[in-house]
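I set out to record what the coordinates of this chain show. The entries go from the overall fold to helix packing and then to single residues.

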Amino acid sequence: MMSPIDFFIDLFNPDLAFLPKALAVAVMSSIVCGVVGTYVVLRGMAFIGDAVAHAVFPGLAVAFVVSGNLVLGGTLGGILTAILIAVFSQNRRLKEDSIIGVFFVAAFALGIVIISQAPGYAGSLQQFLFGSITGIPDSDLFVAAGMGLIVLAALFAFHKEFVTISLDRESAQAMGVPVFWLDLVLYVLVTLAVVISVQTIGNILVLALLITPAATARLLTDRLGIMMTLAPIIGGASALIGLYVSWSWDVPTGGTIVLVLTAAFLAAWFFAPRNGLIARSVRGRRAADSASREASEETAPARDLVRTGGMP
């Protein structure tokens with residue numbers, strides 16, 4: 001396996017100009033998705049993230065067919081679907097997940113039909129589904145960077161409102177908080193985060209970048225501020241490690257990044273100081289031992305009385 005030093009040397013090799021660009025896109029995507037994913041995990045809306053990942057596909061397909069900018073095409077397609085989901089979800093006769101299921105399947109099917117009209121259909125479809133991190137043009141890099149800054153700025157601006165509707169949606173509505181418009185804004189921001197990341201790991205795996213770092217951070221802390229700090233750090237570090245392993249072993253980059261993220265999640269699941277499986281087992285044993293000692297102390301006078309034949 002290539003040493004980390006050799007990897008960093010390759011990053012500055014002019015003949016491998018795509019490598020630092022790939023690293024920049026992967027880390028940038030991970031940071032943006034880590035922050036956005038905090039709200040997604042907090043609200044239990046992972047299915048929405050999956051829907052948005054599929055919803056950007058027709059926009060990407062159209063952009064590819066007309067040789068347009070993939071990031072902008074995916075953004076337009078995703079935002080349109082997000083608006084449709086937000087509008088149709090106001091009809092409470094159907095649950096939100098049902099509306100999402102209808103639209104994301106339809107959007108994905110539309111994308112497949114559109115891209116099938118382009119030359120090299122099979123190769124293009126594989127690129128969209130699994131990513132093509134080493135073939136990202138400079139224009140997409142700059143557009144993604146700009147969109148990432150917009151997403152982070154919007155999340156910072158609406159942070160209090162997003163937390164309010166995430167913790168208690170009904171109470172927020174009763175207080176006059178514009179829940180519908182905030183939902184729409186959050187859907188759009190999730191869409192932008194997904195579009196930034198699609199070229200890194202593809203439509204199929206992008207949900208991992210959105211959910212896994214935030215879920216891992218959730219296991220490590222109960223404080224939202226720390227969670228929002230840890231999630232992008234975990235995502236960015238996993239992107240760096242995943243790209244290094246991918247480059248060293250010549251395996252797909254997107255899949256490797258996701259496996260590194262999953263390994264981090266499993267480590268937190270077992271070894272997190274407070275919420276890990278081992279820590280909870282230790283606390284459970286200690287609680288059981290404490291209860292056993294208390295019960296023993298309560299029954300001790302009765303045992304002594306029996307032992308002495310009832311004499312004081």
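**Entry 1. The chain as a whole**

I first looked up the secondary structure of this predicted model, and it comes to 13 helices and zero strands. Read along the sequence, the pattern is α-α-α-α-α-α-α-α-α-α-α-α-α. I then looked up burial: of the 312 residues, 45% count as buried. The accessible surface of the chain comes to about 15,600 Å², and carbon and sulfur atoms account for 69% of that surface. For contacts between residues at least 6 apart in sequence, I noted that 72% join residues at least 24 apart.

At what angle do the axes of H4 and H7 cross? For H4 (residues 70-88) and H7 (residues 138-157) I recorded a crossing of roughly 40°, with the axes coming within 8 Å. H4 is therefore oblique to H7. On the H4 side the contact is made by Leu70, Val71, Leu72 and Thr75; on the H7 side it is made by Asp140, Val143 and Met147. Sorted by class, this contact has five nonpolar residues, one polar and one charged.

I then followed H7 to H8 (residues 159-167), where the axes are 4 Å apart and the packing angle is about 70°. An angle from 65 to 115 degrees counts as roughly perpendicular, so H7 is roughly perpendicular to H8. Leu155, Phe156 and Ala157 of H7 meet His159, Glu161 and Phe162 of H8. I sorted the residues of this contact into four nonpolar, one polar and one charged.

How does the span of H11 agree with its number of residues? H11 (residues 224-249) has 26 residues, which at 1.5 Å a residue should span 38 Å. I found its end C-alpha atoms 37 Å apart, which agrees.

I also looked up the packing of H1 (residues 4-11) on H11. Their angle is about 95° and their axes are 11 Å apart, so H1 is roughly perpendicular to H11. Pro4, Phe7 and Asp10 of H1 make this contact with Leu240, Leu243, Tyr244 and Trp247 of H11. By class I noted six nonpolar residues, no polar and one charged.

Within H11 I examined Ala231. Is Ala231 buried or exposed? Its relative accessible area is 0%, so Ala231 is buried. Leaving aside neighbours within four places in sequence, Ala231 is in contact with Gly34, Thr38, Pro213, Ala214 and Ala217. I also recorded its C-alpha to C-alpha distance to Leu220: 10.0 Å, for a separation of eleven residues in sequence.

Which residue just after H11 takes a positive phi? It is Asp250, with a phi of about 55°, and I noted that Asp250 is not a glycine. Asp250 lies in the loop between H11 and H12 (253-271). With a relative accessible area of 71%, Asp250 is exposed.

At 27% relative accessibility, Val185 counts as partly exposed. Which residues does Val185 contact, leaving aside its neighbours within four places in sequence? I found Phe158 and Phe162. The latter, Phe162, is also among the H8 residues that meet H7. Val185 and Ile83 are 102 residues apart in sequence, and their C-alpha atoms are 9.3 Å apart.

The other residue is Arg218, also placed in H10. Arg218 has a relative accessible area of 38% and is partly exposed. Not counting residues up to four places away in sequence, Arg218 touches Met227 and Asn275. I recorded a C-alpha to C-alpha distance of 9.9 Å between Arg218 and Phe265, which are 47 residues apart in sequence.

How values were computed: Residues numbered from 1 in each chain as written. Predicted model: local features only at pLDDT ≥ 70, side-chain atom pairs only at ≥ 80, totals over all residues. Heavy atoms only, no water. Axes fitted to C-alpha atoms, helices over the stretch in contact; angles between N-to-C directions. Helix = DSSP H or I, 4+ residues; strand = E, 2+ residues; numbered from the N terminus. Parallel < 35°, antiparallel > 145°, perpendicular 65-115°, else oblique. Contact = heavy atoms within 4.5 Å. Nonpolar A, V, L, I, M, F, W, Y, C, P; charged D, E, K, R; others polar. Expected span 1.5 Å × (residues − 1). Buried < 20%, exposed > 50% of the residue type's maximum accessible area, 1.4 Å probe, protein only. Areas by Shrake-Rupley, 256 points an atom, 1.4 Å probe, with all protein chains shown as cover.
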